[in-house]
Amino acid sequence: MSPVLVLARLYITESMRRQLHLITLFLAVLMLVLPTLFNAFGMTGFDRVTKDVGLTLLSLYAVGMALFLGSTALPGDLEHRTLHPLLARPISRMQYLLGKFLGYLVVMGASMAVLGLALLTALAVLGTHADPAVLIPVALSVLEAGVLGAFCLFASTFCSPALAGVLGCFLYIVGGIPQTFITFFLSSGETQVQGAVVRAIRLFMPHFDVLHLKDPIVHGEAVPEAYLLAAVAYGLVWMVLFLLLADWSFERRDL
Amino acid sequence: MSNAIETRHLRKLYRRRRESDLLALEDLDLNVREGDIFGFIGPNGAGKSTTIKILIGLVRPTSGEALLFGEPCGTPAARRHLGYLPETAVYHEFMAVGELLDVHARLAGVAPAQRKTRCQEALEAVHLQDRAQTRLRELSKGMRQRFGIAQALIARPPLLILDEPTSGLDPLAQLDVKDIILRLKGQGITIFFSSHQLTDVELICDQIGILHRGRMLRCGNLRELLEDSAEVEVRFRGGPTELPGREILEQGPDRAVRIPREESDALVDRLREAGAHLVGMQLARRSLEQAFFEITRASGEVEER
């Protein structure tokens, strides 16, 4: 087994045994299935609300976990010095980072799969056709968590976990502003300088709005396959870029 | 005999934003022969841990060169030769002893067929064979330290680097660790360790290096370090029972007095004139602790604590 897989397995095992993650997941599942109880009042169109709220909840869960896990994974190992005996092994720092990140992605993917299934179950209980298309935004939320987690991992190689989390928040908020909104904002009488600044900032950060497909799915609109593939490729490119930056920064750091 | 560790003109300057830069190491030359136990001593902040971290590859030197068995430090090739016990070692506390040891065996590249045997051997070497299923957080500090040595041994490395292996342990646990180190030396493993326990260093080391404020003040074997004394001990029988400004020690029928080397001729003349019979004269034997203080004081750099 390659060192990356060994380290990923170590991360997953530890994550499961710490139970913090499992408790958070349990609470999220609980929040997803709660709407099935409220439906006893017989509100019409409640399934769409459930779908909308459920997917929003899933997205928030993914972002929250990405910010928390991504910004604390490396500093935690540094603070507890669990990193030193591992890096004394014949492995590179890149392998260490990749192992951590892969473990994080697996934990995140599995959690989101559980939440996705819980949402489908809730929709089925409500008597709605459990459309597997609901899983598309779920999968893209995993990808979004991957990009955000990779960024936080990069940030945590040169700053404190709290600051890495704050930077991650900034990236998510600014990167998540829909392009249409930016276009409208820039065409409504702002100066050229302001416009250039906004464009420059946006140029160097991922556009998370590309990965947000909740609304079309909730409203039953079809998403073109080509768009999906392009969105996945877009997310993967940013993820790889942040991981390369994380390695570049981590390689230079004295531990 | 070739060298397990070699450093040449090693220098480390930590750049700091809010404070002045910190020179942790300056022009450090080190040669540790294969099979030796090398004790690295010095006060806190002397640069011992920085040196060790450079050898492991956790810290990059500002300039100079460090080699492990001829391989540049910090490369996976160099790390194949070593096992490392960090200072105040903390491990993944939710993992079981055997489980984490298996992780280390995999990372060290131990072949799958040998992994189980190696883990068993390493645990037996530190007397933790009955604790394979115990989680690390349930181990005592001494046991955790022994686990640390087990993980360092997992790939049967020819070199062990131990950062203060007896620090914070009770006397029994310290004795355990010392026994383990001596047993490993018997197996031909080179051991490089830093310590504040000067009596341990004196007992088990072949070579000792004294580091202070990033500079190697003295390096050599115990005899070289202890005999390089500024004092001689003069033993005599009969004669005076008191000497102004000197303490006379009774040693059976003889008496002994310690004086600076340059005063020995004058003292011998005086004793003879007083009717004493000269029994012997030798360089005063010091403990490593005395030598350590003398050497660091002589460098004019001992801080008032």
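Predicted model: local features only at pLDDT ≥ 70, side-chain atom pairs only at ≥ 80, totals over all residues.
# A walk through the two chains

In chain A, helix α3 is the element that contributes most to the lining of the largest pocket, giving eight residues.

Helix α6 of chain A covers residues 135-155, and from its first C-alpha to its last it reaches 30 Å, close to the 30 Å expected for 21 residues at 1.5 Å a residue. Of those 21 residues, 18 are buried, so α6(A) is largely enclosed by the rest of the structure.

Further along comes helix α11 of chain A, residues 225-251. Which residues of α11(A) are buried? Among them are A:L228, A:A231, A:G235, A:W238, A:M239 and A:F242. Here is a handy reminder: an α-helix has 3.6 residues a turn, so residues three or four places apart point the same way. Keep that in mind when you look down the helix on your screens.

Now for a spot that involves both chains. A:T82 sits in the loop between α3 and α4 of chain A. Is A:T82 buried or exposed? Its relative accessibility is 7%, and because buried means under 20%, A:T82 counts as buried. Leaving aside residues up to four places away in sequence, A:T82 touches A:D77, and from chain B it touches B:V90, B:Y91 and B:H92.

Helix α3 of chain B, residues 97-107, also brings the chains together. Eight of its eleven residues are buried, so this helix is largely enclosed by the rest of the structure. The buried ones include B:V97, B:L100, B:L101 and B:H104. What do the buried residues of α3(B) pack against? On the chain A side there are α1 and α4 (83-87), and on the chain B side α4 (112-125) and α5. Just after α3(B), B:G109 takes a positive phi of about 80°.

Let's move to the sheets of chain B. One is an open sheet of six strands, in the order β6-β7-β8-β3-β9-β10, and its pairing is mixed. At the edges stand β6 (82-85) and β10 (215-221) of chain B; each has a single partner strand, so one side of each has no neighbour in the sheet. On average, neighbouring strands of this sheet are turned by 15° against each other, ignoring direction.

Helix α5 of chain B, residues 141-153, packs on this sheet, where α5(B) touches β6 and β7 (159-163) of chain B; the direction of α5(B) makes about 165° with that of β6(B). Helix α10 of chain B, residues 288-298, lies across β3 (37-41), β9 and β10 of chain B, and runs at about 40° to β9(B).

How do β9 (residues 207-212) and β10 of chain B pair? They are antiparallel, with six bridges. B:Q207 stands opposite B:N221, and B:I210 has B:R218 as its bridge partner. The hairpin of β9(B) and β10(B) has two residues between the strands, and B:R213 takes a positive phi near 50° there.

Another open sheet in chain B has four strands, ordered β2-β1-β4-β5, with antiparallel pairing. Its edge strands are β2 (22-33) and β5 (71-72) of chain B, each pairing on one side only. Strand β4 of chain B, residues 63-68, is joined to β5(B) by two bridges, and B:L67 has B:P72 as its bridge partner.

β13(B) runs antiparallel to β11 of chain B (231-237), and six bridges join the two. In that pairing, B:E233 has B:R258 as its bridge partner.

Note on methods:
Residues numbered from 1 in each chain as written. Chains lettered and ligands numbered in written order. Heavy atoms only, no water. Buried < 20%, exposed > 50% of the residue type's maximum accessible area, 1.4 Å probe, protein only. Pairing = 2+ DSSP bridges. Axes fitted to C-alpha atoms, helices over the stretch in contact; angles between N-to-C directions. Contact = heavy atoms within 4.5 Å. Expected span 1.5 Å × (residues − 1).
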